[in-house]
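User: Please walk me through this structure in short questions and answers. I have not looked at it before.

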Amino acid sequence: MQAGEAIAKAQAWLRFGTPADLTRGEHAVRVEHERVREVPDGWLVPYNTIRALDGGDRLASLVPRPVLLVRANGELRRPDPGPDGLGPSVPVAFAGQEDWREILEPEFARGGVAYLGVPSSAVLGWRKFDPAGGPTGEIRVNPGYRPGPERLGHPAMETPLEHLLGCLEVQRFSRERYLAGLLTAAVHIPVDPRTERPIPSLWQENPRILTVFSSSRRLPVGTAKWVRMDVRSFAAEFPGAGLAVNPGSFPSDSVTVEELTWARARWPFLRAVSRIVEVPAEYSAPVVSMIEQLRAGTEGIDPSAGLRDAAGKARAAGFELSVEDCQRFVLGRAWEQRNGVGSGGIDSPDDDLAGQSWPEDLGENGLVAGYDAAGRVRPHVSSSGKFFRQDTSGDRFAWHRVAGAFAGFAAGEALGSAVDSASWSEIKTRFGEEGIAEPVSAGRPGPLTRRLLFQTEGLLRALPARFGGAAPGGLMALGALFSRPGPDIPAGWLSRVPELRDGPTEPPLAGDDVTFLVLGMVAALCGGGPASDAATAAQVGRLLATGAGADGPTAEAAGVLAELFTALFHADAPPPQVVCRRVSEREGARGPAVAALAAAVRAQAEQIRPDPEELDGFGTGRTAVDALGRAMLAVSRRFFDPRRAMRAAVNHSGRSAITGAIAGAVVGARAGIPGLPQDWLGGQGSSGLLETVAGDAFWHFSARSPAEDERFAAEWARRYPRLWPSSQP
């Protein structure tokens, strides 16, 4: 389409597409021919009043100045009127026609690349509006919608460049349109701290290509300085060079110098906008200033000790310490050093704490509560949920996934407990048409979270680090112990923690009770050990639940959940719906729990049907199998947004506390603590307690367990004394 054709389309709409002919009368408008411009999505055709354009009457000018977007296929749309214009365009309404408005995939709409065009594959459906502009409630589903990269399970896209790469990967944009957007997208180039030239190892020759990154979080561990610049600036500064973005990871792409040359010639009006030298947060001026202030305030301390290692560990786990994270770290490290506390190891109950002095608000001072074997609070520097404070790595599991699952479990339970067992109509009556949206804080862990903590402690006391299978009788006895603690078994350290004392007495459970599912998540913790796997964890989950009194389908559900979480705890865990599919399709998989996962996989394809309607369509919501199915239905549809996933999991007629907890654990394992709603994590009791138990479980079954490390073995045995002699499991 040429400019003249686009102008003709716009003029036809001005005359015939509105209730009145806009080109006639006192306030008649016309196209501003001299300002018509081609953009990647078509032609921008501005118009204004004739009095303003031809008569010089500035007061008669339309504000904001209206623009039509005419696509190559003749479709008319309105571009984003916002100050940056990076949002999606919307279809233009025609007089006498029904008003159907697009429902866009939210991740695409807010990604900063929708100005390049709204592909039909990003449209979830259409919502009908009446002549007065109000929604009628009628919705049409778009059969041509295809999930974007985040809904397919890829990590969250953090920058416009990552959204752009994602759109290319899922074929929402042609390569030509992608290249147009690439010119103004920012890349990150690690540079020598002194010369500020690219690190030599990033260059490839024949053809000449420079490795760059789409966000600062993706920079290699140890990067001390980088340049952030748009690609047009890159092409000007490094003529003759192409670029490789995020090689070896998703999203990634390689762009040749010929492609860059073509794009610059095709879109000459796109100008270079940025070239900024940046440093990681641990080297930033605010952090350096705080370190100097703390040193000046207390003689003999070095609050920066361990900060670079912590930043490297966080980056290796896929996170990036922010300036605020680093400031919390150095503030907490200063408190540790004032009190003579080391940076690792196991706190002993024999330590004399009389000379220590800690702030009342640990979190505000960069600290988190740890605990020793006497149940005493032992503050440590905060990791912001981004790295494990101990100097160890998992055999197959990642600490941030285990810790995120524990935190998400508690948050999901807190959200769902306020509406547990209520019907959907009752929930709407109490909380509005959208249901409950925020947790009702109880100030302490809920009963399901208490089970998770105590049963995890029991698992660590019962199973050796290199557990690879055991006699069914021993595991069933452990399950029975979980359900009815024996008086002859000495209590563990958790029973000495004040906020866990005097918990409510729970009645015996029915065979299909939803709380047996907690055992499945607990059993998964042993699945990452050196001598175990998902099948081991599933067996443990089934036997623990059976011993605790679960019926057959419920015990099987606990085993399936153990298998599910074993996969989700892995460092390179696939998306939840992929795990569900693998478990449900593995050879020999059958039974109600497997059918529940299969239903969750099918539910992912339909994104517009209301979540309560979808969840209430699966079973009664009262049994363990139904709870598993409903939780995974919510996760399968909304896993890419943890807040939305947990809300979906609790707003239904059923056992909302357990469905919220399971959904929270799944999205927490995926996103880690930093990816969970931070405002939901503070009211469920001590976050340090959850991190402590999760970290202990991760460490116990890690590549070098403290139980087998001569530096820690004796103290670990005091912390987790064996429930049975070593001859038993």
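Predicted model: local features only at pLDDT ≥ 70, side-chain atom pairs only at ≥ 80, totals over all residues.

Analyst: Residues are numbered from 1 along each chain as its sequence is written, and side-chain values use heavy atoms, with hydrogens and water left out.

User: In which strand of the protein chain is confidence highest?
Analyst: pLDDT is the predictor's confidence in each residue, from 0 to 100, and the protein chain averages 92. Helices (H or I, at least four residues) and strands (E, at least two) are DSSP runs, numbered from the N terminus. Confidence is lowest in helix α14 (residues 472–483), at a mean of 82. At 98, the highest value belongs to strand β12 (residues 209–212).

User: What is the bridge partner of Val-212 in β14?
Analyst: Two strands pair if DSSP finds at least two bridges between them. β12 pairs with β11 (residues 203–204) in the antiparallel sense over two bridges. Four bridges join β12 to β14 (residues 242–245), and these two strands run parallel. In β14, the partner of Val-212 is Val-245.

User: How many residues apart are Phe-397 and Phe-569?
Analyst: Rings of Phe, Tyr and Trp (its six-membered ring) pair if their centres lie within 6.5 Å; planes under 30 degrees apart count as stacked, over 60 as edge-to-face and the rest as tilted. Phe-397 and Phe-569 form an edge-to-face pair, 5.4 Å centre to centre with 70 degrees between the planes. Both Phe-397 and Phe-569 are buried. Phe-397 lies in the loop between β18 and α11 and Phe-569 in the loop between α17 and α18, so the pair ties together parts whose separation in sequence is 172 residues.

User: Over the ring of which residue does the charged end of Arg-140 sit?
Analyst: A charge sits over a ring if NZ of Lys or CZ of Arg is within 6 Å of the ring centre and within 35 degrees of the ring normal. The charged end of Arg-140 is 4.2 Å from the ring centre of Trp-100. The residue is Trp-100.

Key:
Buried < 20%, exposed > 50% of the residue type's maximum accessible area, 1.4 Å probe, protein only.
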